[in-house]
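Me: I'd like to learn how to read a fold from its parts. Can you walk me through this one?

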Amino acid sequence: MVDEVRAGLIGRGEPLKGAELTVTSKSFTEQLILGAIMGIAFEAAGAEVLDRTGIQGSIGSREAVRKGDADAGYEYTGTAWITYLGRSEPITDPREQWEAVRAADAKNGVTWLAPSALNNTYALAMNQDNHKKYRTNTLSDVAALAKSDPDAVTLCVEVEFANRADGLRGMQQEYGMSVPTKNITQMDTGIIYTQAAKGSCAYGEVFTTDGRIKSMNLVVMDDDKKFFPNYNAAPMINSKTLQKWPAIAEVLDPITKKLNNAVAQDLNAKVDVEGEDPHQVALDWMMAEGFVK
């Protein structure tokens, strides 16, 4: 990374001067933005930063940090707990979920820093017209509607969501929701938002930090029974790197505290809706927040 940035609210005194740090991420929009945010923070604190963001799939970026091929990246607590650590039961409380991940992953040479409020989890969303028509605000409301008017509840979902235990099957079981198979259409992620906005399906499966929720004016149903796992973004650092450069924690902590779903939706929309470059979106936000100059 070759951004001409100086310390603002973070990185004063260049506590990472002399460090050569490799930042990684997965390949979807939010991860590219978070990876850039982390790299820019390290640059402002004096480090030389190698950009290895945009790795395909979940496992690649995680393994890079675990093995020491990369030093750090933002990762999600739920993904770590379920996918990397192989636990089948997510923990309902977000802080307890993070603490459990941090304790378990320490044995793998990976240290988790304090988490953000950004929670990129599953949800169902509908357009404004259907919201006025059906007046559902929670998943319990959707379950009740499915019972009273079975034809009203039509779903657009991804193939993965349709088959995951923490997806459609588990959600229906938890809420006592019975949606006929003929009312469920499987499709690619991007198309779901468009179809839900059009009203082609009453409810679309969405990710809570996706910028298209805001740009398409969709209404998200509250997961009132807290079924879906917590996917809070937090810095995942190679433990040896953190031992050598402990200032990484103080550099990242103020940034992580600022990250929430509203911020993520705005940043993601700049890329997915307005077509901006993820790295530039990250840099603009870091400067607007005063983290760097």
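This is a predicted model: local features need pLDDT of at least 70, side-chain atom pairs count only at pLDDT 80 or more; totals for chains, interfaces and linings use all residues.

Me: Where is Asn-217 placed?

Reply: Asn-217 sits in the loop between helix H10 (211–215) and strand S9 (219–220). Its phi is near 60 degrees, a positive value in a residue other than glycine.

Me: Is Asn-217 buried, exposed or partly exposed?

Reply: Buried means under 20% relative accessible area, exposed over 50%, and partly exposed in between (1.4 Å probe, protein chains only). Asn-217 has 45%, so it counts as partly exposed. Lys-226 also has a positive phi, near 55 degrees, and lies in the loop between S9 and S10.

Me: And how do I read a nonpolar core?

Reply: Nonpolar side chains tend to be buried together in soluble globular proteins. A core here is a set of buried Ala, Val, Leu, Ile, Met, Phe, Trp, Tyr and Cys residues joined through side-chain atoms within 4.5 Å. The largest one has 46 residues, with Leu-16, Phe-42 and Ile-248 making the most contacts inside it. Helix H1 (29–44) is among the elements giving two or more residues, and H1 supplies the largest share, nine residues. Another core, of 26 residues, lies apart and includes Leu-139 and Met-171.

Terms used:
Residues are numbered from 1 along each chain as its sequence is written. Side-chain values use heavy atoms; hydrogens and water are left out. Helices (H or I, at least four residues) and strands (E, at least two) are DSSP runs, numbered from the N terminus.
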